[in-house]
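Please read this briefing alongside the sequence and the model shown here.

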Amino acid sequence: MDHRDYRLWDLPTRLFHWFLALAIVAASVSGQLGGGLMTLHGRIGLAVVGLLAFRLAWGLVGSTYARFGQFFPTPARIRAYLRGEWQGTGHNPLGALSVFCLLGVLIAQAATGLFANDDIAFTGPLYDLAGKARSNGLTAIHHLLSKLVYVLVALHLAAVAFYAFARKQNLVRPMLTGRKAGTGEPARGGGAVALAVALAVAAVAVHGARGGWMPPPPPPPPAASTPDF
Amino acid sequence: MKFKLLIAAAALVAIAGTASAQIKPEEAIKWRQSGYGFMAWNMARIKMNVEGAAYNKEEVVKAANAIQAIANSGMGALYLPGTDTGTGWEKTRAKPELWTNKETLGKVATAFNKEANEMAKVAAAGDAAAAKDQFGKLAATCKGCHDEFKIKQ
Ligand code: HEM
């Protein structure tokens, strides 16, 4: 029995992955229940913005297999993979396609949410930039896209199950431990400086998404009471 | 005598009939949109109080009473036949199902009225935590109807 393994997914990538999974479930549940949970929904959505911004940055400065350039699914690579000729480590070209689709749709989901309103008592933090009419349109897209998120997540889970049962490849364990059985070039890079840069990008994105650069709202009236008529 | 009563009753029905028929479709749409918009203002006021730093009981009572009044005002009368299309303050976003799926409409409307009445009661009692809880329940019933009968756009 060969016990060799190598470093595949770095810790930030793995933390990103599991926090994102958690956040998407929480955002879906809170969004569908609505009511008093909308405030929470907005906060979770902002966390998703931070996670996505982090991942985009990490895709540039992270360790080997976290980098977008390493696994970008060019048509040639996808064709090779489908013919069974692809020889590589990390995300295979189809998996990479799924990564980019998920990231893209989630970015659109979170972005539309920032401008959305629920016609009850909740608005996204950037609602004022859009105005009511455009916000309604973006809310409808937010609603439609959420269905697409479910489809992609379902495909993602189905693919993991397919590799587990049909291909006898456990994809979950490396995403937990970071290590993959077998031999391969270990992941390099993505040190402390890169991490600081990616975290800074995430912080800036969340600040902007919260309306940090919007003109401050007019101060609320001192005593929140209304006249008697 | 009986006959006279019948005529009087028929006349009353006719007058009542024309009275509601006299609401113009675009007015009906405007009024219902206004009612909802006014409720949204009051929901925002309650939210400000239950999520903000300070709880102002009087404000929450005013807002909750306003919502309760509208909830019990018989607004359903504003869904005149044919007003599934048309423009009030804006193009109507009522789904055609609102005129056909009476059973679901009854369910969501009853749930809404119940929580609106409860909101007024809870507001009068003045407990901030209870008001926050009830606000969430009430908002969920607004959404309950919107999910079924309001077009998302
Ligand atoms: C990627 C993260 C997000 C996911 C997966 C998500 C998912 C959802 C879902 C499933 C709904 C219910 C849709 C419906 O009932 O039709 C919803 C509604 C909503 N979301 Fe999000 N959301 C996300 C991010 C955000 C963000 C960042 C905000 C703003 C801060 C936001 C604001 C809203 C609003 C205002 C609604 C109410 C729409 C309505 O009731 O018509 N969402 N979201």
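Donors are here the N, O and S atoms within 2.8 Å of the metal (3.2 Å for Na, K and Ca), and since water is not among the atoms, sites may look incomplete. On that rule, the iron atom of the ligand is coordinated at 2.0 Å by NE2 of A:H41 and NE2 of A:H142. This is a predicted model, in which local features need pLDDT of at least 70 and side-chain atom pairs count only at pLDDT 80 or more, whereas totals for chains, interfaces and linings use all residues. Residues are numbered from 1 along each chain as its sequence is written, chains are lettered from A and ligands numbered from 1 in the order in which they are written, and side-chain values use heavy atoms, with hydrogens and water left out.

**Iron site**
- The arrangement around the iron atom of the ligand is octahedral because its six donor atoms subtend angles of 86 to 179° (six donors count as octahedral if opposite donors are over 155 degrees apart and all others between 65 and 115).
- A:H41 lies in helix α2 (residues 38-61) of chain A and A:H142 in helix α6 of chain A, so the pair ties together parts that are 101 residues apart in sequence.

**Fold of chain A**
- Chain A has eight helices and two strands, these being DSSP runs numbered from the N terminus (helices H or I, at least four residues; strands E, at least two).
- Read from the N terminus on, the order of elements in chain A is β-α-α-α-α-α-α-α-β-α.
- Along the principal axes, the C-alpha atoms of chain A fill a box of roughly 85 × 35 × 30 Å.

**Contact between chains A and B**
- With contact meaning heavy atoms within 4.5 Å, 22 residues from chain A and 20 residues from chain B take part.
- Chain A and chain B bury about 1,600 Å² between them, 54% of it on carbon and sulfur atoms; buried area is the accessible area (1.4 Å probe) that two parts lose on being put together, summed over both.

**Salt bridges**
- Over all chains the structure holds 16 salt bridges, each a side-chain nitrogen of Lys or Arg within 4 Å of a carboxyl oxygen of Asp or Glu, and three are found across the interface of chain A and chain B.
- A:D119 forms a salt bridge with B:R93, with the closest N and O atoms 3.0 Å apart; this pair crosses between chains, from the loop between α5 (93-115) and α6 of chain A to the loop between α3 (57-71) and α4 (97-100) of chain B.
- The side chain of A:D119 also meets that of B:K150 in a salt bridge (2.7 Å, N to O).

Definitions and conventions
Tetrahedral: all angles 85-135°; square planar, octahedral: opposite > 155°, others 65-115°.
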